[in-house]
Every structure is written in structure tokens, then in C-alpha cells.
Amino acid sequence: MENLVVTCSPHARSGETTRKIMMKVLIALLPAGAFSVYFFGMRALYLILICAICSPLFEMLWCWLIKRPDSTDDLSAVVTGVLLAYNLPVSIPIWEAVVGCFFAIIVIKEFFGGIGQNFINPAIGGRVFLLISFATRMTDWSVYEGTKAADYLSAVSSATSVGSDAISSATPLRSDTVNFYDLLLGRTGGSLGETCALVLIAGGILLVAMKVISPIIPLTYVGTAAAVAWLCGENPVYHIFAGGLLLGAIFMATDYVTSPTTNKGKFIFAVGCGVITMLIRIYGNYPEGVSFAILLMNIVTPLIDRATMTRPFGALIPAKGGDAK
Amino acid sequence: MKKNPARRVAFTGMLLALAAALSFLEGLLPVTAMLPPGVRLGLSNIVTMYALFFLGKKEAFAVAAGKSLFVLLTRAPVAALLSFCGGMLSILVMLAVLRRKDASYMLISTAGAVAHNVGQLCASVLVIGSAFTFWYLPVLVLSGAAMGVLTSVLLKALLPLLRKIHFVSQENFIYRGGISLQGFGKHLSGAKVPHNKHTSACATEEMPVPARVIIPMAQSIGASCTPLVKKGDTVKVGQKIGDSEAFFSVPVHSSVSGTVASVDDFVTASGAVCQAVVIDTDGEQTVSEEVGIPEYGGKEAFLREVRNSGLVGLGGAAFPTFIKLNPKNPDEVDTLIVNAAECEPYITSDLRAMLEDTDLLIAGIRRVAEELNFKKVIIGIEDNKPEAVEVLKPYCDSQISLCVLPSKYPKGGEKVLIYEATGKVVAEGQLPADVGVIVMNVTSVITLETYFETGMPLVGKRVTVDGGAVAEPKNVRAPIGTLYSDLIAFCGGYKEKPAKILQGGPMMGIAVPNDSQPLLKNNNAVLVLTAKECETPEPSPCIRCGRCLRACPFGLMPAAIDKAVRNRDVEQLRKLKVNLCMECGCCSYVCPASRPLVQQNKLGKQILKNGGGK
């Protein structure tokens, strides 16, 4: 018997692949997507689908441009697209959403070397980019007549910017008159994916059960935010369930590439996110601090990683003066 | 890191921004209002100090000057002048104090802070034009001293963290000594590898003597043997056919009777080149006259006989047993651990040995324990071998105990087994004997006892032949030197064309290029795998998921090692302790991107060795 395959050990693999992990994330994101379509109407579906399709298209285009093999079949671009869509208000013009996808995939991800090399979460980068570039549209929480959202949300101001069939509403972070059950069941305004706490938590539990993420980051992030809110005299429960905290803590802060690898590092990262989020929400000008908090902590992640390196079993640490060369 | 000028400039800029932010921050703090006029907390002095200590004079001056510019832009020209004078004098004084070799951080910092205040005072005198202001001096000196102490304490506290994120050079930092143990808990990590123990119930079958055997001279760690026979010689079973004068060597014996066909150069599966004796067998299996029950008295004679038996570590390591049983500190070694874990998938040869040769095992344990004064014997076994546990339980007494471990690969690794069985940590550079333990594989003990009871040296092996491409997987007893092709033919031949044939298990075994490989002393399995069984997807980029570092039993960071190897970063490889890697394969096994992590670790070890590492 000749011509056998000769490789380095080990000769078996667990069967886990990047693509499978991304599929699991998409499955966990499904409940939130289904709810957003139910609540915000068909436009939500168009937005999500367009983002989910444009993102891998941009990645494919980039790979073609730089003459590298197509990397889209690990589905990471699809996840980025869907997450970005979940961060958008339902009334945002489609072209702006596409521009956001372009920025997230091409600038944040591909410019820096593709998957594994991005310095911040592409979806967060896309959202912040849109927030800064199209501030009005990104904070226009108008909903469409005939959708469930319109039934639940009363018009707070009639000044709208998007079409005549839209009803304006405020994101709950700006209003004080929302009750807990509305927040839990998603009977509030906000971006596509952030409104219904229940489906997000369900997705989070799914992710932990499928061993995709460790519960450290979501739990610590939410816990820290609640603690800071309480210390500053705000209602912690309200802050947890209103706005994009759950979406950010469960799906965006837990991105592998931009969060620390060790448990200690994850903890530090999540505490930082929680503190910055609440500081921005309470003392800052923006109603929503999650995107900036995660973005800032993403940038600091390499430092956290270096500071929380594992201590190998039986490793000797030099007693004095570091290593002699 | 700081050699690159662009990086230095960028880093200095960063420090400048930090100093400016700190100086702005202290203006906002309610404390400032309570302080007497002209007194600043001096938080930005931490940054200036850091720049002075770890970057250089130029950078420190740049930070101080830049901060004054910031004050000019945000407050007033007078304030800027004060800040500038204070900053410059402070740095000059700190430089003067730094000339003393024994200056502590506190002394330098206090001197700097006082100088800063004095400088500010002098500047304000110039501006106001009245010398009366000098009466303020004592206040400023005192407050400067206080602030200096505070800033030095802060800097000292930050140093370990700054060291870890590489912002502090080696010479300025002192480590705590000691061995790292933290966070390992009762069990070490590993990977849940499927057991595939299809041949557990297959009783060992004795194979008919093959027509030809090839016995390599290099079958142990250490020097390879020189052949003692030449072409045309007659050899008998148990006859010594290779030996070496070197200390680190073990003799090789003929496993068959017949005629030497040739003595050729031979390349082993791991790439080593040695001689090999090719024997055409006559099928008689005549036993050599050299073979006789050994007589010995005392430890030295015992160890000499262990060497004569040709025994090496049969768990796969092939370390000369007579050397392992002779540690430098025999009085401190009181525990024998018998490694019956057999954690690799497919392999069941040790299991069958325990079931079929139980008496030899127990007698061997008792003999070794007596000769080498072991007070305790622990048999470490995985819980996926309940039948063996049942067979061994009756033999447990005050000396022998059974330690049943969860079946998570790689519980059979020497250091892992020692930790799980006794809680002791074999540190970097240590041997098990240094923690009072010696580990022997179950089959090694049985082979040793066989030699002492019958005089027959290591000439035959129990080997598991398994895999989807072989017709009848089973456990076979075969002479050393039997070719794989003969082994596989005895097991029903090929069911289909295999993708890989492995010498050993799937996690640490070596893939061989053809089936003309001989069976070696430390060979426990021949796996004939179909393409599907050893399917390995194309590697893709690392997604930093962290599965590899969670799977590593020794808490290494394979993803970081992979990056350091790609960058040929010797310093980083030393910090990552790549030399501790036992190449168990857990990291590559769990990696979703199918990255060749073990391969990179092996390369990393080479790079570290060649890069002048310790």
C-alpha cells in the first residue's frame, strides 16, 4: 500500500467549523428577527434580508478584487449583516442600510485582513458609522401604519421625516412612561432587534446551550450596568430592558474576534462595557451608550488579552529581574 | 518595540494626550477648589515620570512642553508659562536625581513634584513682579512632597499591569518567584474525543511468524544501537542483535529465529536514520541459549537486568526504563504510578494486557515496589474500562490503590496523570522523580515481570489493529519487526484503500507513508483509517474563539503561539511557554478553523531552541 496521506498529528477533528458556529448564531438570532417582522411589518423583513444578502455580496466582491478565494461560505458576513439590520430603525432608507453594510464589511472587516483580524465588531462599527453620518434617520423611530407597532405606540410628536404613512414614536430611553411588561414583550419603539427582551434572552440561552458563547460577558455586562444604574439613582431594571443593552450584551459584545479569549479577560471586558454604557446613558448626550461602550472596549481588547494571559501548568516565573538573555 | 521611531512618536503623542486629559480632569475634581491657589494635584506628572523612566529625556520634555501648550490653548498664557517652567524644572531635577543608582520611585517623584511647584512659583514671581510670593514656598514644597508620594505610589501600583501589556521593559520590573498553579481545579482540561474502543472485547490472538521481519536499531530515546550481527548470521529468539556503549541506550533483541538477510540503512516513521537488521525467519522460533531467568541481588543488579531486558517506556515514549527507575534522589521517590489510562481512541492493547496478564501485572508491581522501595502504588485507569477496574479491585491493599479517572483525553499524559492521581505538579524542567513519583506503563510492568520470570527480553508486542479500512479489527500479539502489511493481512486484509495508516493513536500517532513499516517496541496500535475517519478540512483564519486554550490541559494559548510562530517572535514564544506543550493534539482537535496548531507548536519549540531561548 503506497501513497498514503502523511500529516502531522492529530489525525482527527471535533467536527466543529466556523460555518457551523455562525449557523448557530443565526439560529439564535431568528426569534428576534421573527418578532421584528411581526411587530414592525414587512419592511423589517426587507431590511434584514437586504443587509443579510448585501454583506456577503460585498465580501465576495472584495475577495474577487484582491484575487483571493471567496471567504463568504463561513457565513460570518451574513451574521454581520443581520446584526447590523437589528440595530437599524425600521424607517431607515434602504440605501443607507446598504452603505452601513458596505462600511462594516469592507472598511472594518476586509481592510484589516478579513475574519479574525477586525479591530472592532463590524456590526457595531457599521451602526456607529450610520449614527454619525445619518444621525437624524438613525434616531427616527417612526413606525408604519397598519403594523402592530403602530397599534401599540401612540404618536408622541407628529413631526416625522419619513413619508406620510409613518407615525413617530420615541425610543423608550427617551421616554419615562413605559412599563416593564411592555419592555419585556417588545411593545415599544426602537431598532429592529432591540425591542423584545424575551426573544433576545431566548436567543441568548440558545447560544449558551449550543456552547457558542460563554455566559460571562452577557451576565457581567448586564449586571454591571444594573449596578451602575442603581448607584447613580436610576432604575436598573428599566435600564436593562430598555434600549439596545440586551442585544449588545448577548450578540455583539460576545463576538469572538473582538472580545478577550480568557474568562478573566471576558469579565474585565464586560465590566468596562457596563460602566461606559451607563456613563454615556446617564451623563452623556446620547440616549444609547451600548454601541460606543462595546466599540471602546473592543479597541482595548488586545491589551486586556495581554494582561490576562493564562498561567501554564507548572510554568516557572523568574524570581528576579525578568529573563536573562 | 520602541525601536521604531514612528512608534515612539505615536506613543509619545498618546502620552501627551493622556497628560493633557489628566490635567484637565484634575481641574474638574472638587478637590482642586479646596487646595490653596497654585497647588495642583499633579496627576499628569505620573505620565511625565513614566515617559522619563521608560522612554527618554526627549519624550519627557516633549510631553511637558506639549502639556503647557494644551494649557495655553485651554486656559491662559500665564497658566501656560507656569506649567512650562514647572514642567521643565521638574524634569531637570528628576534627571539629576536619576543619576543616583539607588534612587527610589518615591524619591524621584517627590523631587520632581516639589521642583514642579518651585518652578511654577518662580514663574509666577516673574509674572507678578513681587518677591513676596516666595513666602508661599513652604506650602508648595509640602504639597509637592505629598503629591509626589501619591503619584509614585500610583505609578508603582500600575507597573505590573503596564508590564503585562508590554509598556514596561524587562529591567524595570521584578517578578514574584514561584510555580504557577492557580485555577486548575481537581481535573485538568482536555478534549472529549470519541473512544472508538471497538476491540475491547477482542482477546489477543497470537499471529503466525511472518516470513520476514525488520528490526531497527533505534527504538528508544537516546543513542541507537550498533548491529552485532551481519548478513548470513543465524539468529535465535531472544538473542541480542544490537547494543551500544552509550549510557542512554537499550539493547535490541531478535524476536524470531532465522537468518540475517541484510543489515541496511533504515528511515523510521519519525524521520530518524539508523541501521536495521532484516531477518528471514525459519518459522521454528528456536529460543537462544542467552535466554535464562536472571539472577540478581540488590538494586544495581536489578537495574542492570532491566537494561538487559531491552525494556523502554511502552506507553509510547520509549524512554529507557533502567534510567527512569534510577533517579538522582531515590530516597525521596516513594510512589509508583502505573499508567493504565490508555486515553487514545481505538487502542485497547493495555486493557487486554490487564485482563489477560493480571497476575504478571501484580507480581511486577510488587517486584518493582520492593526493589525500589515504593511505599505507595497507584494504578491510574480511565472509567471507560469497567471490566479492568473490576479485575484489579481485589488486589487493592494498603500499598496498592486504584485511581479511576474521568475518560477525557489526555488523562494518560505523564504530568496530567501525576496531577490527577496525587495533586502534585511537575514543574517546568522537572522530572516526575523530583516530586517523588515514577510512572510506568501497565504493559511495561508486565513485560518487566515476564523477563524476570522467564528470562525472555522484549521481543513481542500486543498491538491493536483497527480502523474502518481493515476487515477484522483485533488485538494481535506479534514479534517486534513484523511489517504492517503482514499484521493487516492477519486481520483480514484491507476492506478498502485507506487514506492514512497510523503508527499509534489518532491524537498523537505518526502517519506512515506505506505499509512496509516494522512494528516497534513502543508501538501500541496500527490504525488503518478511511478518508472519512481522518477527515481534516482546509485550515481557515483563526477566529479567536478560545476553544484551544480551554482544551489545553496545561493552560497554554495555542492561538497566541500560532501567531507568534507566524511572526517568528522568539520572546513571545518564551513567554507563552511553548516548551511545556506535550503535543497531545487537544487544541487542533477542537479548533473550528481546523488550524494545524500542534504543527505550529512543534515549530515554535524549534524556533525557541534556535532563537537562543533557555
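A salt bridge here is a side-chain nitrogen of Lys or Arg within 4 Å of a carboxyl oxygen of Asp or Glu. Keep in mind as you go that this is a predicted model.

**Stop 1: a charged pair.** Select Arg547(B) and Glu16(A) and show their side chains. They meet in a salt bridge, with 3.9 Å from N to O. Across the interface of chain B and chain A, the rule finds two salt bridges.

**Stop 2: the whole interface.** Now widen the selection to the residues where the chains touch. On chain B, 79 residues are in contact with 50 residues of chain A. The area buried between the two chains is about 5700 Å², and carbon and sulfur atoms give 57% of that area. Colour the side of chain B that touches chain A by residue type, and its residues divide into 44 nonpolar, 17 polar and 18 charged.

**Stop 3: one residue in chain A.** Select Phe40(A), which is found in helix 1 (residues 18-40) of chain A. Is Phe40(A) buried or exposed? Its relative accessible area is 2%, and because that is under the 20% cut-off, Phe40(A) counts as buried.

Show what surrounds Phe40(A). Leaving aside residues up to four places away in sequence, Phe40(A) touches several residues, among them Val90(A), Val143(A), Thr188(A) and Leu192(A). To finish, draw a distance from Phe40(A) to Cys101(A): they are 61 residues apart in sequence and 21 Å apart in space, C-alpha to C-alpha.

How values were computed. Residues are numbered from 1 along each chain as its sequence is written. Chains are lettered from A and ligands numbered from 1 in the order in which they are written. This is a predicted model: local features need pLDDT of at least 70, side-chain atom pairs count only at pLDDT 80 or more; totals for chains, interfaces and linings use all residues. Side-chain values use heavy atoms; hydrogens and water are left out. Contact means heavy atoms within 4.5 Å. Buried area is the accessible area (1.4 Å probe) that two parts lose on being put together, summed over both. Ala, Val, Leu, Ile, Met, Phe, Trp, Tyr, Cys and Pro count as nonpolar, Asp, Glu, Lys and Arg as charged, and the others, Gly among them, as polar. Helices (H or I, at least four residues) and strands (E, at least two) are DSSP runs, numbered from the N terminus. Buried means under 20% relative accessible area, exposed over 50%, partly exposed in between (1.4 Å probe, protein chains only).
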